[in-house]
Amino acid sequence: MNLMTPPRAETRLLMSGNEAVARGAWEAGVAVAAAYPGTPSTEILESLTRYPDLHAQWSTNEKVALEVAIGASMVGARGLAAMKQVGLNVASDPLMSITLAGVVGGLVIAVADDIGISSSQNEQDSRHWGRFGHMPVLEPADTQEALEMTRAAFDISERFQTPVILRLTTRICHVKGVVTVGQRQAHDAQGFHTDPNRWVMTPKTAKLRQPQYLERDAALRAFAAETDLNRVEDGPDRRVGFVTSGPAAMHVREAFPNAPVFKLGLGHPLPLDGLRAFAETVETLVVAEETEPLVETEIRAAGIPARGKDLLPRIGELLPDVLRPALASLIKPGLIEPGETAAARPAPPPALFPRPPTMCAACPHSGMALVLSRLRRNVTVLGDIGCYALMSGPPWNAMDTAVCMGSSMGISLGVDKGLKWGGGEADANKHLVAIIGDSTFLHTGIQGLLDIVYNGGDVTVVIADNRAVGMTGGQDHPASGRDARGEEAPRVDFAALVAALGVPADRIHEVDPYEIPTLFKTTRDAIRAPGVSVLITNRPCVLTDRYAPLGPLFVDADACSGCANCLDVGCPLISVTDRETVTLKTGKTKDLAYVTIDSASCTGCGICVKTCADDAILPLTRPDPATGAVPLEG
């Protein structure tokens with residue numbers, strides 16, 4: 001275990017926002033923390049595993065993580081669930097019930113919105129959930145506030161017996177700042193108290209809770225009016241004033257340093273009376289919020305004149321270089337720093353040269369990507385969320401869909417039934433392949449496979465088992481054999497699991513993704529056979545300590561004919577050294593590409609070797625009967 005001795009109170013530390021949230025939870029006396037890895041929230045739970053006096057765990061999905069935290073709250077302990085924005089969709093079922101039942105121990109949901117869509121399938125605004133579920137939403141604007149608002153969230157949760165959403169964004173999660181930390185405050189659990197009228201959510205009991213629900217709303221509105229989580233930051237120029245929250249507040253202050261700002265730390269419920277009074281002190285009120293016009297809509301509905309998304313974009317971050325031109329029509333002398341003019345501001349730097357995403361060298365998913373690309377004319381590939389989603393791009397172009405976690409299972413069944421029962425022309429030569437990662441399968445894929453089996457789906461399922469949550473940094477899960485702190489844990493047997501779901505034993509195949517000929521034949525035979533079949537790949541992620549590198553490879557330049565088959569592997573260590581176009585005897589032309597391998601980084605997976613038509617890819621070292629391993633020149 002990697003447990004740290006917490007620094008003494010008033011120590012100043014350099015922390016990311018995620019680390020600050022973890023520290024704030026520890027200082028607040030959290031007993032139980034659960035999460036599912038998801039960028040940009042992953043490091044919250046990882047940081048909590050380093051504290052010795054709490055339980056921190058990876059859960060199979062966000063729904064389970066929240067249920068674990070709810071259970072801790074029911075006995076009076078403080079619980080934290082962490083997830084990214086799309087994870088809150090998965091957790092919404094228990095969330096919408098516990099907000100009605102209320103909490104005992106403080107319950108905080110730290111949700112990280114991926115503003116700008118750097119690592120997600122959408123850019124959703126989690127502040128909606130606070131309004132939907134009648135819950136307070138706290139929005140830190142920097143790392144120090146991330147710590148302080150996490151602590152405050154637990155106090156608010158217990159004071160009003162409600163879950164609290166701590167809304168983070170990528171900029172808060174990953175940017176580091178100097179934070180003054182405190183010490184842990186003990187918070188003891190009282191034990192579970194039986195109360196069926198509260199904890200058994202039937203229509204009868206839910207109706208009994210609704211009046212208290214509404215009373216809590218009123219109490220929270222009164223709290224919003226008095227809390228110092230919301231504050232006015234004055235400015236000398238009263239011609240434009242801003243209502244803002246989170247990182248956007250920092251950007252507003254940078255872009256318009258002389259403008260007054262009403263900064264919302266408690267973004268829901270809104271202190272409408274305070275906002276109305278603030279609006280009366282400025283000529284024009286602008287609501288700067290990322291991303292949806294939630295605050296703007298509520299302010300205008302309350303009869304307070306305001307500008308917002310008629311000027312500002314609804315997508316992406318509200319950076320200073322976005323704010324300044326968008327509000328150019330409102331900029332007047334005095335809103336810019338003295339002695340500076342708008343024209344004097346430096347132009348934004350040019351965009352970086354684009355680099356397309358690709359799989360890591362020796363990634364076990366690249367073997368299946370290569371095979372599916374070779375079978376492309378005969379398969380429709382329903383994908384999922386994970387590193388293997390990269391096979392949708394070049395050089396493989398071997399994936400047709402990727403909607404959300406676990407979706408490949410249900411969507412593949414729907415495509416199968418839609419083709420059979422939907423009428424019209426269906427390509428009888430096309431076979432369906434659903435590919436899903438090991439952690440994603442455990443997250444929400446199991447039920448989908450069960451549905452395929454139960455409803456007689458004709459689908460070949462690939463479980464790409466690399467024994468890690470690869471895309472978010474190699475975290476552990478129930479099939480990796482380790483828990484969140486790296487301790488040994490029971491490991492799920494995928495073959496036994498899918499057999500228990502009803503897949504026939506002769507239709508379950510465990511395959512080595514590095515053995516391309518075997519992988520190709522097994523996949524081809526599986527898709528040709530009617531009904532459900534499951535292929536389970538069995539190589540660990542190359543970025544984890546479970547991976548055992550093999551000997552590096554090199555290209556024998558004299559033997560290479562330029563066939564370029566190895567480029568289809570998509571390995572980033574293979575690069576083209578020369579190109580040539582030759583005319584064949586038939587009169588047709590052929591493009592040749594001569595390649596080299598970065599042997600210093602090569603792990604020797606051998607996938608490229610299986611594609612080479614000339615046996616020109618060789619081990620960098622080979623055994624010699626007399627002297628042992630001798631480096632080859634290459």
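**Exercise 1.** In this predicted model, work out which residue Arg253 forms a salt bridge with, and where the two partners sit.

*Solution.* Start with the partner: Arg253 pairs with Glu233, and their closest N and O atoms are 3.5 Å apart. That passes, because the cut-off for a salt bridge is 4 Å. Arg253 belongs to helix H11 (residues 246-255) and Glu233 to strand E9 (residues 231-233), so the pair links distant parts of the chain, 20 residues apart. Finally, check accessibility: Arg253 comes out at 23% and counts as partly exposed, while Glu233, at 22%, also counts as partly exposed.

**Exercise 2.** Take the salt bridge between Glu27 and Arg151 and decide for each residue: buried or partly exposed?

*Solution.* First the contact itself: the two side chains meet at 2.4 Å, N to O. Glu27 lies in helix H1 (residues 17-27) and Arg151 in helix H7 (residues 143-160), so this pair ties together parts 124 residues apart in sequence. Now the accessibility. Buried means under 20%, so Glu27, at 1%, counts as buried. Arg151 has a relative accessible area of 30%, which makes this residue partly exposed.

**Exercise 3.** Find the partner of Arg376, then zoom out to the salt bridges of the whole structure.

*Solution.* Arg376 forms a salt bridge with Asp400, with 2.5 Å between the closest N and O atoms. Both are loop residues: Arg376 is between helix H15 (365-374) and strand E14 (379-382), and Asp400 is between E14 and helix H16 (407-421). They are 24 residues apart. Asp400 is partly exposed, at 40%. Zooming out, a search of the whole structure turns up 35 salt bridges. There's also a network of them, linking Asp113, Asp125, Arg127, Glu139, Arg167 and Glu289.

Note on methods:
Residues numbered from 1 in each chain as written. Predicted model: local features only at pLDDT ≥ 70, side-chain atom pairs only at ≥ 80, totals over all residues. Heavy atoms only, no water. Helix = DSSP H or I, 4+ residues; strand = E, 2+ residues; numbered from the N terminus. Buried < 20%, exposed > 50% of the residue type's maximum accessible area, 1.4 Å probe, protein only.
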